[in-house]
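I set out to look up a few backbone, pocket and sheet features in this model. My notes are below.

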Amino acid sequence: MNSTTTAGASSRASAPAVGSAADAPAEFVLTLDCVESPGIVHSVSEFLLARNCYIKDILQFGDQTKRHFFMRVQFSAPAGTTSGDLRTSFEAVAQQWAMSWRLEPQGRKQRILVMVSKYGHCLNDLLFRARNGELPVEIVAVVSNHRDHEGLVDWHGILFHHIPVTKDTKPQAEAELMALVDSLDVELVVLARYMQVLSEDLTKKLEGRAINIHHSFLPSFKGAKPYHQAYERGVKTVGATAHYVNSELDEGPIIAQQVIEVDHTYGPEDLVTVGRDAECKALTNAVRWHAEGRIILSGNRTVVLR
C-alpha cells in the first residue's frame, strides 16, 4: 500500500513547478573599462543579443580628459547560462577593445574580512547589514588587535581572530593576516576603524581589495581626539571618507563620502556621535558598491557607476 501511487499523482510529483528556480533566467553583472572608441557599446550589446540576454540596467561614463570609457551592465540570460560560459565567449570582445573587465552572477555575496580595533560602531553596522541581507557580502572572519568585540562577533557566528600588533611583531602579524586572507578565499578586506598602519608590502598585496574609513577632517585634525580638535575650531560640518588602501596613509582612491551639518550647539561628544554615523554610512556605501561591481579604479581616482 505505501509503495503504490496512482498515475496522476506520479505525474504531478515529477512535473517541474511553473516558474520554478530551474526555469528562471539567470542574472549577471558585467563591468568593464578601456580606451574610449566608437563601437564599444554596440559590441557589448551585440554580444548579449546573440545569446538572448536582456539588458536590465546599463550605466556608462566616458572620461573626456583621459579618453577612457567605463561601463556596467546588469542583464538576464536564459536559464542554465553560467558565468563561466559567458566569460569564455566574451573574451574575444574584451581582447578586441583591450578591456579590463569582470563578469559575475548578480547578487553573489563577496567574501569579506573585517579588521577592527577598539571602536566598534562600523563593525557593528556591517555585521547587522550583512546579517539582514542589506549588503551582498559574507563576513567570513573578523581580525582585531584587541579582544573588545570578540563576544559580539561570536554571537554572529563568525570566526574571530585576535592578532596583537607591536613594532617588533608587525611582520609576523601581517603574515598571519595574509594567511587568513588566502585560506578563507577573502575577496575584500575592510578596515572598520582598525587603528594600525599597514606596511607598504601589505598594501601592495591588497591593492584594489582593501577599503578603509576615516574622518573627513584629515588632514586638518590629525592625531588624537580629532573631533575635540574640530570643536575647538568651531567646525560647521562633520564627515567621513571611505577609500581604497594604498601605501600613502589615508590618501588612497576615494570611494564614498558623507557630510553632516553641525553648529555651535554641538559639544565634542556630540561631534563624535555624528561622526560615527557618517563613518558607518560612508563605509557601508563603499562596501556595497564594491560588492555590486560598481567601482572601477582609474589611477588615484574611482569611477562609481550607480
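**Entry 1: positive phi**

I am working from a predicted model. I looked for residues other than glycine with a positive phi and noted alanine 98, with phi near 55 degrees. I placed alanine 98 in the loop that runs between helix H3 (83-97) and strand E4 (100-105). Is alanine 98 buried or exposed? I put alanine 98 down as exposed, because its relative accessibility is 62% and the cut-off for exposed is over 50%.

I also noted arginine 193, which is not glycine either and has a positive phi near 65 degrees. Arginine 193 sits in a loop, between strand E8 (188-191) and helix H7 (200-205).

I then turned to the second largest pocket and wrote down a volume of about 220 Å³. Which residues are closest to the centre of this pocket? I found Thr31, Arg102, Ile295, Ile296 and Leu297 there, out of 13 residues that line the pocket.

I sorted the lining of the second largest pocket by residue type and got six nonpolar, five polar and two charged residues. I next asked which strands supply at least two residues each to this lining. By domain, at least three lining residues come from domain 1 (26-105) and at least three from domain 2 (110-304).

**Entry 2: the seven-stranded sheet**

I traced an open sheet of seven strands and wrote its order as E7-E6-E5-E8-E9-E10-E11. I recorded the pairing in this sheet as mixed. Which strands lie at the edges? They are strand E7 (159-162) and strand E11 (254-261), each of which pairs on one side only. From one strand to the next, I noted an average twist of 20 degrees.

Strand E9 (residues 210-215) and strand E10 (residues 237-244) run antiparallel. How many bridges join E9 to E10? I noted five. I also looked up what stands opposite isoleucine 213, and found alanine 242 in E10. As a reminder to myself, strands of a sheet pair through backbone hydrogen bonds, in either a parallel or an antiparallel way.

How values were computed. Residues numbered from 1 in each chain as written. Predicted model: local features only at pLDDT ≥ 70, side-chain atom pairs only at ≥ 80, totals over all residues. Heavy atoms only, no water. Helix = DSSP H or I, 4+ residues; strand = E, 2+ residues; numbered from the N terminus. Buried < 20%, exposed > 50% of the residue type's maximum accessible area, 1.4 Å probe, protein only. 1 Å grid on protein atoms, 1.4 Å probe; cavity = no way out; pocket = protein on both sides within 12 Å on 5 of 7 lines; lining within 4 Å. Points joined across faces, edges and corners; volume = space filled by probe spheres on them. Nonpolar A, V, L, I, M, F, W, Y, C, P; charged D, E, K, R; others polar. Domains from an automatic or database assignment. Pairing = 2+ DSSP bridges. Axes fitted to C-alpha atoms, helices over the stretch in contact; angles between N-to-C directions.
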